[in-house]
Amino acid sequence: IANSRNTRPMSPGMNTSGWLFATLAIVEPWWRKLIVEKADPASVEPVRGFGDDDDGMPIKPGAKPIALLDGKDFAFYRSLNEKARAYVREKMASMTDADLDAETIRTRPDGTSVAITGRWYLYHVLEHFSGHYGQILLLRHLYRDATTRG
C-alpha cells in the first residue's frame, strides 16, 4: 500500500485497507481505557486525533469512503497506528497480574451486560488485529490482481 489509490475499495461498499488500519488504531487504546484503566474510552481520542466512530465501519452496502479518511495515504494510517501503539505500549508497562483477572462489567447497546477481564482484552485485541490484517492482505492481493490484468 504505497499511495492513496491503494486504500480505496475495489467497489462501493467494500472496506478499504485504510478503514481497516483506522479501526485497528481505534480498538487497542479504546479497550485498554475501558478494561484496564476503568476509564471512559472516548478519553483516548487525543491519542489518535479522531473519534471512536470516525473509521466509518461498518460500511453500508454501496457506500463510498467517508470524507475524513478518503484519499489518505499510507503514511497517514501508519501514523495513526504508531500513535495508538505507542500509547498502548506505554500503558501496558503498568499492567499487573491482577489486571488480567479484574472484571469490568460492560453494558451492550441491547441492554445486556457482560463481564470482561484484562485477559479477554489482550485476546480480543490479538484476534481483532489478526482478522483485519488478513482482510488488508486480501485487499492488497485483489488490488494487485485488478491492476495487473490486461
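I start with Arg85, which is partly exposed at a relative accessible area of 34%. On this scale buried means under 20% relative accessible area, exposed means over 50%, and partly exposed is in between, with a 1.4 Å probe and protein chains only.

Some ground rules. This is a predicted model, where local features need pLDDT of at least 70 and side-chain atom pairs count only at pLDDT 80 or more, while totals for chains, interfaces and linings use all residues. Residues are numbered from 1 along each chain as its sequence is written, and side-chain values use heavy atoms, with hydrogens and water left out.

Which residue does Arg85 meet in a salt bridge? The partner is Glu28, at 2.7 Å from N to O. By salt bridge I mean a side-chain nitrogen of Lys or Arg within 4 Å of a carboxyl oxygen of Asp or Glu. The pair links distant parts of the chain, 57 residues apart: Arg85 sits in helix α3 (residues 74-92) and Glu28 in helix α1 (residues 17-36). Helices here are DSSP runs of H or I, at least four residues, numbered from the N terminus. Glu28 counts as buried, at 12% relative accessibility.

Helix α3 also holds Arg78 and Glu82, four residues apart, about one turn of the helix. Their salt bridge has its closest N and O atoms 3.1 Å apart. Arg78 is partly exposed at 47%, and Glu82 is partly exposed at 47%.

Next, Arg144 forms a salt bridge with Asp145, at 3.1 Å between the closest N and O atoms. Arg144 is partly exposed at 42%, and so is Asp145 at 30%.

Finally, a network of salt bridges links Arg32, Lys33 and Glu37. The search of the whole structure finds six salt bridges.

Definitions and conventions:
Helices (H or I, at least four residues) and strands (E, at least two) are DSSP runs, numbered from the N terminus.
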